[in-house]
Amino acid sequence: MKYIEEFHDPGLAAGLLDDIRATVTRPWALMEVCGGQTHSIIRHGIDQLLPDGLELIHGPGCPVCVTPLEMIDKALAIASRPEVVFCSFGDMLRVPGTDRDLFRVKSAGGDVRVVYSPLDAVEIARRTPDREVVFFGIGFETTAPANVMAVHQARRLGLRNFSMLVSHVRVPPAMEAIMRSPECRVQGFLAAGHVCSVMGLTEYPPLAQRYRVPIVVTGFEPLDILEGIRRAVHQLERGEHRVENAYPRAVRDEGNPAALAMLAEVFVPADRAWRGIGRIPDSGWSLAPAWRSFDAEHRFQVGGITTEEPEVCRSGDVLQGLLKPHECEAFGTLCTPRTPLGATMVSSEGACAAYYHYRRLQPAGTTARAAQAAAGTEEATPVG
Ligand code: SF4
């Protein structure tokens, strides 16, 4: 498949790995920001191929995972109303709220529908003018343009029965919050390529300078990720901290000007709570006052719902790179993809789901050695 298979080439991957191994002289910790990158890394075992001491920390870039519990509870309250058709992408239906999820609301008679685009929800609103149609607009900068387009379309069609429950978050403020944490171990970032395809690169140089970290815009296929790692460790070994674009086939410095113009018209910056992390100033978007009539939170008066995160789930530590999923006591026992306690186990991009799905039950670097030891071909050695 064009732009996929050629980025899986084993010979080229071996060459990049040789370069990384020849470059690294001391331990480094890089954070891959995006959950899609995390899945690619775990699926292809990239972290297990890196030289000892070069660690990949899994970042907060999974939109389902960071949607706060209180926003799920607001969605559940709206979806339970008899006049509402609640539309969402499928992976939000199993995210647990305080006492149930959207599947439970649906099985209790709620009209909850899976859609593949926010424009599908607009079309449902057009065809059913006697129902209130609400779209659950979550995600990062990547999904925001489609959501503002849906609101635009609803206004153009004169729809008064369409609204959006907006829970949009932005990556650069989260990267800054991670760097400001006293527990932060991140020394460089693999930035999320698809976010940058919308937003461009302009937000990143101040972060790289302020926190003295290389930021390499990286794609999602194995060669993309290895190239992002290679560039980051070259910078780290030279004491540099620049922004580099290692994903030029999708990302331009200026981003997507048409999408940016529409985002600036429909959204305004807003403080947002991140699941397990807490409130980060200006880390998301809300509908601008001129578009307030499409705001489901306002229309259904659910702004007062506040919820505490459960203590047993440590997804906040996972999302900040302070804990690997298998280090959570509930991993694989109390918490599995069938019985998720947290969003990082529900979402297809969640780090906990990636570790469970790809049977990553031990720290990176030990699995192959342990397997060899179990087969009697090598003695297991402690991880250094
Ligand atoms: S394994 Fe489950 S309980 Fe533990 S952090 Fe992940 S989602 Fe939360």
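The second largest cavity in this predicted model has a volume of about 40 Å³. A cavity here is a set of points, on a 1 Å grid over the protein atoms alone, where a 1.4 Å probe fits but cannot get out. Volume is the space filled by probe spheres set on the points, with grid points joined across faces, edges and corners. Lining residues have an atom within 4 Å of a point.

For this cavity the lining is Cys34, Gly35, Thr38, His58, Gly59, Cys62, Leu319, Thr344, Glu349, Gly350 and Ala351. By class the lining has four nonpolar, six polar and one charged residues. Ala, Val, Leu, Ile, Met, Phe, Trp, Tyr, Cys and Pro count as nonpolar, Asp, Glu, Lys and Arg as charged, and the others, Gly among them, as polar.

A word on conventions. Residues are numbered from 1 along each chain as its sequence is written, and side-chain values use heavy atoms, without hydrogens and water. As the model is predicted, local features need pLDDT of at least 70 and side-chain atom pairs count only at pLDDT 80 or more, while totals for chains, interfaces and linings use all residues.

Now the largest cavity. Its volume is about 100 Å³, and 14 residues line it, with Cys313, Arg314, Cys328, Cys335 and Cys352 closest to its centre. Both α15 (315-319) and α16 (343-346) supply at least two lining residues each. The lining divides into ten nonpolar, three polar and one charged.

What takes the space of the largest cavity? The ligand does, where sitting in a cavity requires more than half of a molecule's atoms to lie within 2 Å of its grid points. Residues around the ligand (a heavy atom within 4 Å) include Cys313, Arg314, Phe331, Leu341 and Met345. That shell has eight nonpolar, three polar and one charged residues.

Next, a pocket: an open set with protein on both sides within 12 Å along at least five of seven lines. The second largest pocket has a volume of about 270 Å³. Of its 19 lining residues, Pro63, Gly139, Phe140, Thr143 and Glu349 are closest to the centre.

Last, confidence. The chain averages a pLDDT (the predictor's confidence in each residue, from 0 to 100) of 90, and 93% of the residues score at least 70.

Conventions: Helices (H or I, at least four residues) and strands (E, at least two) are DSSP runs, numbered from the N terminus.
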